[in-house]
Amino acid sequence: MKKKFKLGVIGAGFMSTAIVKGVIGAGQLNKEDIIVSDAFPAALDKMAENGVSVTSGNLELVNNSEYVLFAVKPQSLDEVLSSIAGACCNKFISIMAGVKKEKIKKVFEGALVARCMPNTPCAIGSGAIGLDLSDFDCDADKNFIKGLLEPLASVALVEEDKLNAVTGVSGSAPAYFYLFLKGVVEAGVKQGLSYEQAKTLATSTMIGAGKMVEANQDKTLDELINAVCSKGGTTIEAVKVYNESGLNDITLKAVDACVKRAFELENL
């Protein structure tokens with residue numbers, strides 16, 4: 001039986017709003033194809049500004065949607081699943097960190113579940129997403145789900161057991177880069193620049209460096225580093241300090257800690 005809505009979204013928060021705006025803006029779906037539920041009327045009012053249907057009833061949403069996207073806090077999932085048990089749907093997408101697909105399948109036997117790990121830059125169409133589509137064999141399903149996410153981000157297909165690594169490498173990584181950027185800005189201020197001058201210069205440089213990596217796929221990261229480090233010049237002196245201080249080892253430890261916590265959350 002054909003459902004009234006192509007996509008139902010449970011949760012009207014930051015990331016689900018980005019997805020709704022992204023797919024509508026990219027023409028992947030029409031406003032009339034989407035319904036969103038949330039327990040908070042203010043969140044629904046805000047979501048309704050995008051022209052989509054809204055409801056406070058999760059059961060109504062699931063019964064009337066071909067695909068259902070879970071975009072709630074992981075600690076709220078048990079309550080949500082309880083509210084939709086017995087509903088008629090078998091295609092689900094989850095953006096919840098630390099929640100295995102099996103938890104959804106226990107309630108919806110035989111369900112197909114796609115699980116992904118987005119990051120906050122998805123909100124401006126510059127994100128990165130690890131996506132597990134292994135439950136789905138149908139190309140139409142795969143293309144639809146990827147089509148929801150591609151307006152927001154670069155999408156890498158991975159198996160579910162690699163999603164915790166994705167959390168460490170891209171899901172949480174904006175915070176790592178902000179932290180490094182903060183340090184460079186503070187160093188600029190120490191050297192006599194104003195805060196705004198240092199922030200503008202450092203931020204533009206970070207964006208440009210990322211674009212350089214994208215534009216030079218034939219070069220390794222070491223080659224790009226060396227291209228900036230003239231022998232006897234200024235950059236190489238800074239790089240020496242980073243190497244002597246163990247920047248790479250610190251990063252490995254930080255990502256390890258992040259991934260370890262992701263595994264802990266999965267097993268709570």
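**Close-up views of a predicted model**

View 1. The structure shown is a predicted model, and in it L247 is found in helix α12, which covers residues 247-266. Together with F177, F180, V184, M206 and Y242, L247 forms a nonpolar patch on the surface, and the accessible area of these residues together is about 500 Å². The element that gives the most to this patch is helix α8 (residues 173-190), which supplies three residues.

**View 2. Packing of helices α7 and α12.** Helix α7, spanning residues 163-171, packs with α12 at an angle of about 140 degrees, and the axes of the two helices are 8 Å apart. The two helices are therefore oblique to each other, since an angle has to be over 145 degrees to count as roughly antiparallel. The crossing in which α7 passes α12 is right-handed.

**View 3. The salt bridge between E266 and R115.** E266 and R115 form a salt bridge in which the closest N and O atoms are 3.0 Å apart. Because E266 lies in helix α12 and R115 in strand β6 (residues 112-117), the pair ties together parts that are 151 residues apart in sequence. Both residues of this pair, E266 and R115, are buried.

**View 4. The salt bridge between K46 and E49.** A salt bridge also links K46 with E49, with 3.8 Å between the closest N and O atoms. K46 counts as exposed because its relative accessibility is 55%, and E49 likewise counts as exposed, with a relative accessibility of 61%.

**View 5. The salt bridge between K240 and E237 in helix α11.** The side chains of K240 and E237 meet in a salt bridge, with a distance of 3.4 Å from N to O. The two residues are separated by about one helical turn, because they are three residues apart in helix α11, which covers residues 235-244. K240 is partly exposed, with a relative accessible area of 40%, and E237 also counts as partly exposed, at 43% relative accessibility.

View 6. For the predicted model, the count of salt bridges comes to 13.

Technical notes
Residues are numbered from 1 along each chain as its sequence is written. This is a predicted model: local features need pLDDT of at least 70, side-chain atom pairs count only at pLDDT 80 or more; totals for chains, interfaces and linings use all residues. Side-chain values use heavy atoms; hydrogens and water are left out. Patches are made of residues with over 30% relative accessible area and no salt bridge: like charges are joined within 9 Å, nonpolar side chains (Val, Leu, Ile, Met, Phe, Trp, Tyr) within 5 Å. Accessible areas come from the Shrake-Rupley method with a 1.4 Å probe; for residues, only the protein chains shown count as cover. A salt bridge is a side-chain nitrogen of Lys or Arg within 4 Å of a carboxyl oxygen of Asp or Glu. Helices (H or I, at least four residues) and strands (E, at least two) are DSSP runs, numbered from the N terminus. Axes are lines fitted to C-alpha atoms, for helices over the stretch in contact, and angles run from 0 to 180 degrees between N-to-C directions. Angles under 35 degrees count as roughly parallel, over 145 as roughly antiparallel, 65 to 115 as roughly perpendicular and the rest as oblique. A crossing is left-handed if the near helix is turned anticlockwise from the far one by less than a right angle, and right-handed if clockwise. Buried means under 20% relative accessible area, exposed over 50%, partly exposed in between (1.4 Å probe, protein chains only).
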